[in-house]
Amino acid sequence: MSDTTDFAGFLRTHPGFGRINFKYLTYQVYPQGYAKDVAGCVAAGRIRINRRFSDLGFAGTGAAYIMDSDQYSLSKGFDLTKPAAQILIVHESTHALQDFQNLGKIPVPDAEAIAYVAEAIFALAIGRPPLVDPATGAPHPIRVAAANAAAAVMAGAYEVGQAMVAAVRTAVAHSGHYDAKGFHDFDGIEDRSLGATLRFVGGRMHD
Ligand SMILES: [Zn+2]
């Protein structure tokens with residue numbers, strides 16, 4: 001099994017994605033976003049999955065989604081069969097969905113808050129506690145705030161309430177991990193197929 005096959009299969013079939021259905025401000029996150037949109041891009045090679053050769057600066061179970069090059073970057077020993085790894089990939093796949101949605105520039109605290117709420121819903125759906133910070137052994141305040149918002153969604157709320165939006169956003173902004181005044185630029189998933197490349201090189205022959 002390749003990482004591509006594993007990721008596409010996980011996104012398509014894991015029942016936890018069926019619970020991730022919510023609205024945060026104007027942004028919408030929905031099961032088919034994972035099971036169809038992101039899974040389809042992974043299966044088609046439009047979103048690539050790369051493993052690092054070394055884990056320097058990226059120890060243990062680490063993963064990132066890089067929006068400008070449309071790829072997941074995984075730590076060397078990343079194991080998608082582990083629940084903690086799955087929860088992390090739900091977070092990163094939410095960024096992949098934001099990229100698929102071609103949302104453009106979104107304030108970092110909101111883009112991250114959405115991904116944290118999505119991972120928290122998935123964790124609740126599989127009966128797992130929030131991920132813990134290796135340094136402290138406790139969940140980061142962002143994950144505590146996101147778990148509260150996720151519990152409300154699991155209880156039937158569709159929109160994340162204003163107070164919960166404020167709590168998650170504030171926790172992200174104060175974390176020191178993120179550029180609180182910055183933006184993530186979700187620039188869409190490019191068509192990197194050979195035909196698209198030839199059209200690009202050969203000029204604008206087709207739309
Ligand atoms: Zn994130």
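The protein's secondary structure amounts to 7 helices and 7 strands, where helices (H or I, at least four residues) and strands (E, at least two) are DSSP runs numbered from the N terminus. Followed along the sequence, these elements give the pattern α-β-β-α-β-β-β-α-β-α-α-α-β-α. Please keep in mind that this is a predicted model: local features need pLDDT of at least 70, side-chain atom pairs count only at pLDDT 80 or more, and totals for chains, interfaces and linings use all residues. Residues are numbered from 1 along each chain as its sequence is written.

Let us begin with the overall picture. Of the protein's 207 residues, 36% count as buried; a residue is buried if 20 or more other C-beta atoms lie within 10 Å of its own, exposed if 12 or fewer, and partly exposed in between, with C-beta atoms placed from the backbone. Two residues are in contact if their C-beta atoms, again placed from the backbone, lie within 7 Å. Among contacts between residues at least 6 apart in sequence, 66% join residues at least 24 apart.

The largest nonpolar core has 54 residues, and V38, V117, A146, A149 and V168 touch the most other members. Such a core is a set of buried Ala, Val, Leu, Ile, Met, Phe, Trp, Tyr and Cys residues joined through C-beta atoms within 7 Å. Helix α4 gives the most to this core, with 11 residues. As a general matter, nonpolar side chains tend to be buried together in soluble globular proteins. V168 has contacts beyond four places in sequence with A113, Y116, V117, I142, A145, A146 and A149.

V108 lies in α4 and is partly exposed, because 19 other C-beta atoms are within 10 Å. V108 and A180 are 72 residues apart in sequence, yet 6.0 Å apart in space, C-alpha to C-alpha.

Where does α4 (residues 108-125) pack against α5 (residues 141-154), and at what angle? The two helices pack at about 65°, with their axes 8 Å apart. Axes here are lines fitted to C-alpha atoms, for helices over the stretch in contact, and angles run from 0 to 180 degrees between N-to-C directions.

Most residues other than glycine have a negative phi. D70, in the loop between β4 (63-66) and β5, has a positive phi near 55°. N102, in the loop between α3 and β6 (104-107), also has a positive phi, of about 55°. D70 is buried, because 21 other C-beta atoms are within 10 Å, whereas N102 counts as exposed, with 10 C-beta neighbours inside 10 Å.
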